Amino acid sequence: MNLESPKVSLGKSPQEVFNFLSDVKNFEQLMPDNISKFEVLGEDKFLFALKGMPEIVLKKKESNAPNKIVLGAAGGKLDFSLTGDIQETGDNQSDVKLTFEGDFNPMMAMMIKGPISKFIETLVTNMSKAV
């Protein structure tokens, strides 16, 4: 399953956006309103839970400054990644898009497609306020 967020334009350089996303504690500012738990577990790992959903641990898996950062599931039953692509569009301007990739059975994919789409859309929307 592959889901993409809408692209959001930010009045920051790609390096500033990359630095913000590289610090996992900043993800708390990007979370939707229905977050029930957020906990930093280390320099490159955090746990979060949305109301009615299981806890998810994300870990920084790859970073390619200043254009790409990849977070992935750290254990648990679901294997997926969340990739942030950062493109320079001008002086102190960049576009950011999040891509969610996961390998799920068709039933699971059907159940989580809507909530995950809304979740990544909220993350990029909140970036314009937080970064």
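**View 1. The largest pocket and the residues that line it.**
The volume of the largest pocket in this predicted model is about 690 Å³. Its lining comprises 33 residues, and those lying nearest the pocket centre are Leu50, Met53, Pro54, Ile56 and Ile116. By residue class, the lining of the largest pocket consists of 23 nonpolar, five polar and five charged residues. At least two lining residues are supplied by each of the strands β4 (45-50), β5 (56-64) and β7 (80-90), and by helix α2 (106-130). Helix α2 provides the largest share of the lining, with eleven residues.

**View 2. Helix α1 and its buried residues.**
Helix α1 spans residues 14-22, within which Pro14, Val17, Phe18, Phe20, Leu21 and Ser22 are buried. These buried residues of α1 pack against the strands β2 (8-10), β5, β6 (68-73), β7 and β8 (93-102), as well as against helix α2. Strands β5 and β7 and helix α2 also contribute to the lining of the largest pocket shown in View 1.

Thr99 counts as buried because its relative accessible area is 8%, where the cut-off for buried is under 20%. With residues up to four places away in sequence left out, Thr99 is in contact with Asn2, Leu3, Glu4, Ser81, Leu82, Thr83 and Asp85.

Conventions. Residues are numbered from 1 along each chain as its sequence is written. This is a predicted model: local features need pLDDT of at least 70, side-chain atom pairs count only at pLDDT 80 or more; totals for chains, interfaces and linings use all residues. Side-chain values use heavy atoms; hydrogens and water are left out. On a 1 Å grid over the protein atoms alone, a cavity is a set of points where a 1.4 Å probe fits but cannot get out, and a pocket is an open set with protein on both sides within 12 Å along at least five of seven lines; lining residues have an atom within 4 Å of a point. Grid points are joined across faces, edges and corners, and a volume is the space filled by probe spheres set on the points. Helices (H or I, at least four residues) and strands (E, at least two) are DSSP runs, numbered from the N terminus. Ala, Val, Leu, Ile, Met, Phe, Trp, Tyr, Cys and Pro count as nonpolar, Asp, Glu, Lys and Arg as charged, and the others, Gly among them, as polar. Buried means under 20% relative accessible area, exposed over 50%, partly exposed in between (1.4 Å probe, protein chains only). Contact means heavy atoms within 4.5 Å.
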